[in-house]
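Thanks for coming. Please have the sequence and the structure open while I talk.

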Amino acid sequence: MSLNQLTTDEIRTRIVECLAPGQFCSGEALGEQLGISRAAVSNHIKCLNELGLDIFSVSGKGYKFAKPLLVLNKNTIISQLHQSARDKLIVLNVIDSTNQYIKSHQTELPNGFVCLAEAQTAGRGRLGRVWVSPYGASLYLSMHWAFAMGYQALNGLSLVIGVAVVEALKKAGVSEAKLKWPNDIYVQDKKLAGILIEVEGQMGSACQCVIGIGLNVNLPDTVTQIDQPFIDMQTVLQHSIDRNKFAATLIDELHATMVIFEKSGLEPFIAPWQTADVYANKAIKLIIGQKTIEGIGRGINNVGALLIETTEGLRAYQGGEISVRSA
Ligand code: BTN
């Protein structure tokens, strides 16, 4: 492909790659490399800053990252992945949503295919919320999985994925990650990661799942739009994180987990889920639409419903519209 055929996304990827080592690059040099004007370079830099990067300019020197960035690299991730996962990965620069990417390509994809992106412009969370997705600051990961057995084979899937994320975090040194039903990942009572599973298919026939995970790695100080307490891996571990290495750890863990889940369902994951339950034996309240139920969290049952001990006895709750909070 000649330079003047580069897409906007490719141009921005190359600008980021040039700046990633942390040195100054002049607008002129970048423009020459990419076959575009200095004014066009300046516009791309402005857009990259709007996507969450921190690039500043010094007259006579050019552009520079405020702090060096280790960019996601497909080959680096593949070199650390288990053999069976190596040909099922795409790494994108900026996309609306990695979940949407998988949805749009789902019919052509093998089970376990993963899409990663550096930034999302329309990242989505549970209950119709927005998932704030600044450039290079997190892992935005979506995986495709089709279930020939249909909806009944999905029982507990979101809980199982939560367990897989907690296991991957343990391998990366984060030992104290907890699960909040159904599948938020918390550390020090702040949200570290969230999971959004989107399913399509007819009742009684095969269904297609998108398993989306957003995991905060090194959020910029400028992030203000998140409406709940949050934390990132770098704050927890007090050192910089190699996102390529952690992406490989997480993908391998997800694949291994899905193989067990397809064979044995939720059962092997109930004990690990209970061990990580952030609300085990704590006072909680469930918010279901206008209704609030208060009681003591008692983990999950064999179909993954949340157990809560109320004044009327032990009750089980399940459904996508339920929110759980400390009472
Ligand atoms: C939540 O609300 O806690 C779930 C957040 C899920 C966010 C991830 S980021 C990767 C994937 N793409 C999306 O648009 N959403 C999920």
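Predicted model: local features only at pLDDT ≥ 70, side-chain atom pairs only at ≥ 80, totals over all residues.

Let me begin with the domains. The domain assignment divides the protein chain into domain 1 (3-65), domain 2 (74-275) and domain 3 (279-326). Between the C-alpha centres of domain 1 and domain 3 there are 50 Å.

Now to helix α9, which covers residues 267-276. Which residues of α9 are buried? They are Phe269, Ile270, Trp273 and Ala276. Looking down the axis of α9, you see these buried residues within an arc of 135 degrees, so they line one face of the helix. Glu267 and Thr275, on the other side of α9, are exposed. As background, an α-helix has 3.6 residues a turn, so residues three or four places apart point the same way. What covers the buried residues of α9? The cover includes α6 (157-171), β6 (178-180), α8 (243-264) and β11.

That brings me to β11 and its neighbours. Strand β11 takes in residues 291-300, and strand β10 takes in residues 283-288. The two run antiparallel and are joined by 6 bridges. If you want a place to look, find Ile284, which stands opposite Gly295 in β11. β10 and β11 make a hairpin, with 2 residues between them. In the turn sits Gly289, with a positive phi of about 60 degrees.

β11 also pairs with strand β12, residues 306-310. This pairing is antiparallel too, over 3 bridges. Here Ile296 is opposite Glu309 in β12. The hairpin of β11 and β12 has 5 residues between the strands, and Gly304 there takes a positive phi near 90 degrees.

Side chains of opposite charge can pair when their charged atoms come close. How many salt bridges does a search of the whole structure find? It finds 10.

Start with Glu309, which forms a salt bridge with Arg298; their closest N and O atoms are 2.8 Å apart. Glu309 is in strand β12 and Arg298 is in strand β11, so this pair ties together parts that are 11 residues apart in sequence. Both residues are partly exposed: Glu309 has a relative accessible area of 36%, and Arg298 has 32%.

Next, Glu50 and Lys46, whose side chains meet in a salt bridge at 3.8 Å, N to O. Both lie in helix α3, residues 38-50. Why are Glu50 and Lys46 separated by about one helical turn? Because they are 4 residues apart in that helix. Glu50 counts as exposed because its relative accessibility is 59%, and exposed means over 50%. Lys46 is exposed as well, at 52%.

The last pair is Glu200 and Lys103, with their closest N and O atoms 3.6 Å apart. Glu200 is partly exposed, at 40% relative accessibility. Lys103 is also partly exposed, with a relative accessible area of 25%. This pair belongs to a network: salt bridges with shared partners join Lys103, Arg124, Glu198 and Glu200.

That is the end of my part.

Methods
Residues numbered from 1 in each chain as written. Heavy atoms only, no water. Pairing = 2+ DSSP bridges. Salt bridge = Lys/Arg side-chain N within 4 Å of Asp/Glu carboxyl O. Buried < 20%, exposed > 50% of the residue type's maximum accessible area, 1.4 Å probe, protein only. Domains from an automatic or database assignment. Arc of directions from axis to C-beta. Contact = heavy atoms within 4.5 Å.
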